[in-house]
Every structure is written in structure tokens, then in C-alpha cells.
Amino acid sequence: GQHRLQAEGLFNVLHAVAIADTGTKLRWKEDVFASLLNTASEYSRSVPLESVSQLQIIDLWLRLLHTDAFQRLPFKSKDFLRKVRRVSPVTHTDFMGKSSRFHKAVSKALNA
């Protein structure tokens, strides 16, 4: 229903911010992102399967490229991302191919 649409909208916005990241570390952007993520975590019991991969990318983006921002997240948000991290989605959506620049940055961070 409507809650699913709200949740998917939040997940899409968070994912878009992550893949469009220019590397600038603006505190207000971190605060807005953290607030949106905190709100998104309220939907933790109803995350659509197609949103799991997006949330896993958000988790990687925060933990690997914005470590300080990740550390400042409230426990509730970190716990939500921890739970998402453990999910193994059965299917993948086509957004993966659209974010190659982001994936290169994550790959570089993982191999550093």
C-alpha cells in the first residue's frame, strides 16, 4: 500500500544520493541523509526485495567512503543497515549497471 510506496521512495532517494556522490563532505548533507536514513529504518519490517541491493550499496558507500558520517549515525540506523547487509537477494535489478562510477569507487576503497 501507501507505506510501501513511501518506503520505496525513501530508499530510491537515499540510493540516488549515494551514487551521485561527488566526494564533497558537507555536514548539512550528512545530516539530511542521516535523517532520511533514520526515517527509512522505520520501514525495516517491510523492505521490498528490489530495494535490498540499493540499501546494501548505501551501507557500503557510508562504511567505506564516508566512515565518519557512518560513525555518527544513530544506533537505529546502523542496526537497520547491519540487518540489510545480511540479506542475500534472490534477484538483482538493472540499477547495478547504471552506477558503474560508484562501483569503481567502492571497488577502489575495498582494494586499498
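This is a predicted model: local features need pLDDT of at least 70, side-chain atom pairs count only at pLDDT 80 or more; totals for chains, interfaces and linings use all residues.
Biologist: What percentage of the contacts between residues at least 6 apart in sequence join residues at least 24 apart?

Modeller: The contacts considered here are those in the protein chain between residues at least 6 apart in sequence. Of these, the share that joins residues at least 24 apart is 82%.

Biologist: Which element gives the largest share of the largest nonpolar core?

Modeller: The largest nonpolar core holds 20 residues, and the members that touch the most others are F11, L37, I58, L62 and L73. Two or more residues come from each of α1 (2–19), α2 (27–40), α3 (49–65), α4 (67–72) and α5 (75–85). The largest share, 5 residues, is given by α1.

Biologist: Leaving aside neighbours within four places in sequence, which residues is L37 in contact with?

Modeller: L37 is one of the residues that touch the most other members of the largest nonpolar core. Once its neighbours within four places in sequence are left aside, the contacts of L37 are L14, L62, L73, S77, F80 and L81.

Biologist: Does S77 count as buried or exposed?

Modeller: S77 is found in helix α5, and, not counting residues up to four places away in sequence, S77 touches A34, L37 and N38. The cut-off for a buried residue is under 20% relative accessible area. Because its relative accessibility is 0%, S77 counts as buried.

Biologist: What part of the accessible surface of the protein chain belongs to carbon and sulfur atoms?

Modeller: Of the 112 residues in the protein chain, 37% are buried. The accessible surface of the protein chain comes to about 6,900 Å², and the part that belongs to carbon and sulfur atoms is 56%.

Biologist: Which element gives the most to the lining of the largest pocket?

Modeller: The largest pocket, with a volume of about 190 Å³, is lined by S41, S44, R45, V47, V52, K76, D79, F80, K83, V84 and V87. One of these lining residues, F80, is also in contact with L37. The element that gives the most to this lining, with 5 residues, is α5.

Biologist: How many residues of the lining of the largest pocket are charged?

Modeller: The lining includes R45, K76, D79 and K83, and Asp, Glu, Lys and Arg count as charged. Beside 5 nonpolar and 2 polar residues, the number of charged residues in the lining is 4.

Conventions
Residues are numbered from 1 along each chain as its sequence is written. Side-chain values use heavy atoms; hydrogens and water are left out. A nonpolar core is a set of buried Ala, Val, Leu, Ile, Met, Phe, Trp, Tyr and Cys residues joined through side-chain atoms within 4.5 Å. Buried means under 20% relative accessible area, exposed over 50%, partly exposed in between (1.4 Å probe, protein chains only). Helices (H or I, at least four residues) and strands (E, at least two) are DSSP runs, numbered from the N terminus. Contact means heavy atoms within 4.5 Å. On a 1 Å grid over the protein atoms alone, a cavity is a set of points where a 1.4 Å probe fits but cannot get out, and a pocket is an open set with protein on both sides within 12 Å along at least five of seven lines; lining residues have an atom within 4 Å of a point. Grid points are joined across faces, edges and corners, and a volume is the space filled by probe spheres set on the points. Accessible areas come from the Shrake-Rupley method with a 1.4 Å probe; for residues, only the protein chains shown count as cover.
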